[in-house]
Number of protein chains: 2
Amino acid sequence: MILTVTLNTALDITYRVRSLRPHASHRVTQVLERPGGKGVNVARVLAALGHEATATGFAGGTTGRVLRDHLADVPGVTDALVPIGGATRRTVAVVDERTGDTTQFNEPGPQIAPAEWSAFQDRYAQLLGGASAVALSGSLPPGVPVGAYAGLIRAARAHGVPVLLDSGGEPLRRGVAARPDIIKPNADELAELTGSHEPSRATQDARRRGAHAVVASLGPEGLLAATPEGRWHAAPPARVHGNPTGAGDSAVAALLSGLVERLPWPARLARAAALSAATVRAPGAGEFDPGTYEELLTRVAVTGVASAA
Amino acid sequence: MILTVTLNTALDITYRVRSLRPHASHRVTQVLERPGGKGVNVARVLAALGHEATATGFAGGTTGRVLRDHLADVPGVTDALVPIGGATRRTVAVVDERTGDTTQFNEPGPQIAPAEWSAFQDRYAQLLGGASAVALSGSLPPGVPVGAYAGLIRAARAHGVPVLLDSGGEPLRRGVAARPDIIKPNADELAELTGSHEPSRATQDARRRGAHAVVASLGPEGLLAATPEGRWHAAPPARVHGNPTGAGDSAVAALLSGLVERLPWPARLARAAALSAATVRAPGAGEFDPGTYEELLTRVAVTGVASAA
């Protein structure tokens with residue numbers, strides 16, 4: 001079982017409108033609702049890849065109940081969310097049918113009480129016993145200490161479970177110092193962590209700060225990886241147009257599935273680049289088309305990169 | 001008791017964001033949630049004016065349950081909503097803190113089954129027995145016949161209960177033919193009903209089509225009324241800036257409260273203009289400040305209008 005942690009889960013709502021006009025009133029033509037938060041997305045993609053996934057984190061309130069109802073409908077994903085007194089946040093993504101662009105509104109997360117954070121840590125330690133790998137994904141809700149990911153990484157390492165961290169800002173900085181197996185920052189997160197806007201230099205710098213392997217997601221430019229076994233760049237054959245929501249979560253699912261399947265790094269990166277691109281190209285945010293994925297998988301270019309330093 | 005009918009109730013969600021930028025991601029700084037739909041707003045304002053109000057219409061699903069939970073917290077409003085299998089829609093209003101402007105997203109309403117529409121009509125007939133006046137407000141959800149308001153107006157008239165209709169399009173057109181006591185169209189609804197963009201002419205034309213009295217809400221220009229007792233224009237002393245959401249519903253509550261209190265038309269119109277303006281000026285959508293209302297009430301100008309025809 002692969003464990004995914006989403007401390008700031010969300011009920012993701014997608015609205016389609018004919019054309020977004022600020023300060024106007026819009027008739028929503030289609031409403032989609034699904035369980036969300038980055039680690040929940042990772043679990044869903046892992047299940048679609050044929051891996052058993054367990055999703056933990058927090059859920060509460062009416063929105064939390066709806067999220068768990070939806071999660072129960074996803075085959076291959078086990079709900080191990082910890083109940084809280086506050087209400088799970090919503091996100092609203094407004095898709096402009098004319099341009100295909102998305103405008104996103106993210107509610108703040110609920111306040112987590114100290115007893116709830118303790119209950120989560122107990123549950124996490126239990127779940128680690130049956131986990132082959134862990135993904136820690138996304139932002140921290142209010143009340144969770146900023147060093148939370150560092151503690152969860154140390155616990156995973158104590159259990160001998162490889163751990164991937166996908167976050168930003170101070171939670172990422174503190175997490176890196178706890179020596180995670182993999183981090184997957186995007187370009188902005190990597191630059192904020194290292195102070196360098198040059199991805200080749202920055203991925204190597206992030207390794208020096210404590211991450212065993214760094215896989216930076218560079219949007220249309222694909223993935224840049226710095227690992228103990230070498231450095232590679234992976235990119236789809238041509239620029240893919242569509243909705244990038246969830247592409248990073250698909251890359252995380254690909255990297256973790258490749259890790260537990262003991263694939264060599266270039267094969268993991270090919271999978272991650274193909275799955276990301278297939279997610280961008282799919283009509284629904286965070287979905288991917290298996291046929292597109294299989295086709296792209298044979299066409300991704302993974303090339304070795306010389307050291308920058 | 002004054003009865004308000006909201007066939008297309010909504011769970012109204014308001015998001016504050018620092019600045020709305022299309023195609024960007026926004027952190028929501030404040031989330032407000034309240035029971036909505038135009039007739040529910042009318043009931044809330046009636047209760048604030050000291051009248052007992054009963055809100056009927058449809059509610060269902062998780063959103064309907066949340067709406068009813070919120071409604072239970074409003075003193076003076078009795079919940080007489082009829083349960084349905086579908087889910088009550090949401091509306092999301094995004095307030096730009098920089099400009100104060102609002103961008104609105106309205107989900108489509110749930111499908112109403114024929115048996116649910118029948119159950120509503122039975123409940124409505126029972127409620128009419130205890131009602132001193134009725135407001136029929138807003139759009140019709142899918143499954144409710146377009147002539148619905150015409151039937152509800154005939155039933156009210158058969159019970160001797162005065163009825164106000166606040167809707168648009170074909171439901172308004174058919175409703176007017178059933179001879180409601182008052183209609184309260186806005187400028188667009190009035191123009192669509194009569195084919196005339198000249199409000200003075202259009203209000204008189206709407207009376208000829210069947211409405212006993214017509215009170216057109218003309219935004220910053222105030223209210224224009226054509227009644228069996230005369231014609232008046234009512235406007236606040238100066239242009240009021242703020243959020244116009246709910247201003248029309250406040251005007252409806254003022255007109256109905258004035259009707260059951262047997263106020264003369266000029267006093268009803270002064271109340272409606274003052275309450276509308278106090279609603280625009282209040283920080284929260286659909287709220288009004290009692291102090292602002294009392295102050296404006298003494299300063300609204302109600303002037304007689306000569307016949308246009």
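This is a predicted model: local features need pLDDT of at least 70, side-chain atom pairs count only at pLDDT 80 or more; totals for chains, interfaces and linings use all residues.

Me: How many bridges join β7(A) to β8(A), and do the strands run parallel or antiparallel?

Reply: Five bridges join β7(A) to β8 (residues 102-106) of chain A, and the two strands run antiparallel.

Me: Which strand does β7(A) run parallel to?

Reply: That is β2 (residues 10-17) of chain A, which is joined by eight bridges to β7 (residues 89-96) of chain A in a parallel run. Here A:Ile13 stands opposite A:Val92, while A:Val17 stands opposite A:Asp96.

Me: In what order do the strands of the open sheet follow one another?

Reply: The five strands follow the order β4(A)-β2(A)-β7(A)-β8(A)-β3(B), with mixed pairing. The edges are β4 (30-36) of chain A and β3 (25-27) of chain B, each of which pairs on one side only. On average, neighbouring strands of this sheet are turned by 15° against each other, direction ignored.

Me: What lies across the sheet, and is β7(A) mostly covered or open?

Reply: Helix α2 (residues 61-72) of chain A lies across β2, β4 and β7 of chain A and runs at about 85° to β4(A). As for β7(A), the strand is mostly covered, since six of its eight residues are buried.

Me: Where does chain B join the sheet, and in which sense does its strand pair?

Reply: The joint is between β8(A) and β3(B), which pair in the parallel sense over three bridges. In that pairing B:Ser25 of β3(B) is the bridge partner of A:Gln104.

Me: How many residues of each chain are in contact, and which element of chain A gives the most?

Reply: In all, 23 residues of chain A are in contact with 23 residues of chain B. On the side of chain A that touches chain B, β8(A) gives the most, with five residues, and that side divides into 12 nonpolar, eight polar and three charged residues.

Me: How are the two chains related by a turn and a shift?

Reply: Chain A can be laid on chain B with an RMSD of 0.0 Å by a turn of 180° and a shift of 0.0 Å along the axis, which is the relation of a two-fold axis. Moreover, 100% of the interface residues of chain A are also interface residues in chain B, so the copies meet through the same surface.

Definitions and conventions: Residues are numbered from 1 along each chain as its sequence is written. Chains are lettered from A and ligands numbered from 1 in the order in which they are written. Copies are superposed by least squares on the C-alpha atoms of residues with pLDDT of at least 70 in both. Two residues are in contact if their C-beta atoms, placed from the backbone, lie within 7 Å. Two strands pair if DSSP finds at least two bridges between them. Helices (H or I, at least four residues) and strands (E, at least two) are DSSP runs, numbered from the N terminus. Axes are lines fitted to C-alpha atoms, for helices over the stretch in contact, and angles run from 0 to 180 degrees between N-to-C directions. A residue is buried if 20 or more other C-beta atoms lie within 10 Å of its own, exposed if 12 or fewer, and partly exposed in between; C-beta atoms are placed from the backbone. Ala, Val, Leu, Ile, Met, Phe, Trp, Tyr, Cys and Pro count as nonpolar, Asp, Glu, Lys and Arg as charged, and the others, Gly among them, as polar.
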